[in-house]
Amino acid sequence: MIYSYTQIANYLRCPRSYRYRYLDGWREKETRPAMIFGRCFEKALEAYFCGEDCGVVLYKEWGAYREAGFEYKKGETWDQILRQGMQLLQHFVQSNRIRISKPKENIQIKVTRELPNANQFVSYIDAVGELDGTRCLIDWKTTTSRYSEEPAGLLSLDPQVVCDSWAAGIADVAFVVFVRKHHSEIQYLRTCISEEQRREFGQLVSATIGQIEAAQFPSHSGIRFPQNGCVSCSHLGLCLEDQKLIDSNLIRAAGANDLAWLDELVF
Ligand code: SF4
């Protein structure tokens, strides 16, 4: 089996949701523009480092979704998101703080780790390069709100970054956060993942795979007023046996999904 961060994180959030997604093949329909736009934006960044016109690439990539019928937030439009993206690209180029040599090799890097029982863990690292001259693993984020920097050290707890650091064996990490808002902004944030965190993450991966292989899929709703993780879970319709919710949120792939690790290219 090939595992990925998305799979492990999904299992840890709710094993029942993992079963629905990875064993039964229920996938969420892509109706959220933010996620698709993030993917288009990363392609534009890659084009920039490869010496191409990143604005043209963003327009082409995002243009493919102009008539996609996304569920936009109140006041948000396709044009507005494009404008924000163009503004962010301009700021990014002007700030010139990130350097990536050999971009074909150092952007969207596939890293594979061998695990016991012939399992593998696959990660896609956004990039490895330099922020202000210091070599680090780079994580692009596109968001509509600023990343919280307080209290100090908070960013080192980001589980995806711990995973990437574990997979790549690189301690220094830079978050480049592209904040889409009225006055768009880019945050350049640094953190360091300790060797102990990486070791613990490896243990967490092994323990989680052990539970998956033992077919342990209890529901873990995590409901605790006022937070209710089920409300934002795409599999809520299945748990409630609500056909209307299933039809509006999910599509079902045929059989178990052997290529689930490819989600890493998406999320
Ligand atoms: S709706 Fe709740 S219990 Fe059901 S799969 Fe999602 S998180 Fe788990």
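**View A. Residues around the ligand in the predicted model.** The model shown here and in the views below is predicted. The residues around the ligand are R13, C14, S17, S219, S221, C230, C233, L236 and C239. By class, this shell holds 5 nonpolar, 3 polar and 1 charged residues.

**View B. Helix α1 and its surroundings.** Helix α1 covers residues 5–13, and Y5, T6, Q7, I8, N10 and Y11 in it are buried. These buried residues pack against β1 (2–4), α2 (15–23), β5 (120–131), α7 (159–168) and α8 (195–213).

**View C. Packing of α7 and α8.** The two helices pack at an angle of about 95°, with their axes 9 Å apart. Helices α7 and α8 are therefore roughly perpendicular to each other. From α7, the contact involves P159, V162, C163, S165 and W166; from α8, Q197, R198, F201, G202 and V205. The contact residues comprise 6 nonpolar, 3 polar and 1 charged.

**View D. Strand β5 and its partners.** Strand β5 is largely enclosed by the rest of the structure, because 10 of its 12 residues are buried. β5 pairs with β1 in the parallel sense over 3 bridges, and S4 stands opposite V122 in β5. The pairing with β3 (residues 98–99) is antiparallel, over 2 bridges, with L131 as the bridge partner of I98.

**View E. Hairpins on either side of β5.** β4 (residues 107–114) runs antiparallel to β5 and is joined to it by 7 bridges. Their hairpin has 5 residues between the strands, and N117 in the turn has a positive phi of about 60°. β5 and β6 (residues 134–143) are also antiparallel, joined by 5 bridges. In this hairpin, with 2 residues between the strands, D132 takes a positive phi near 50°.

Methods. Residues numbered from 1 in each chain as written. Predicted model: local features only at pLDDT ≥ 70, side-chain atom pairs only at ≥ 80, totals over all residues. Heavy atoms only, no water. Buried < 20%, exposed > 50% of the residue type's maximum accessible area, 1.4 Å probe, protein only. Helix = DSSP H or I, 4+ residues; strand = E, 2+ residues; numbered from the N terminus. Contact = heavy atoms within 4.5 Å. Near = heavy atom within 4 Å. Nonpolar A, V, L, I, M, F, W, Y, C, P; charged D, E, K, R; others polar. Axes fitted to C-alpha atoms, helices over the stretch in contact; angles between N-to-C directions. Parallel < 35°, antiparallel > 145°, perpendicular 65-115°, else oblique. Pairing = 2+ DSSP bridges.
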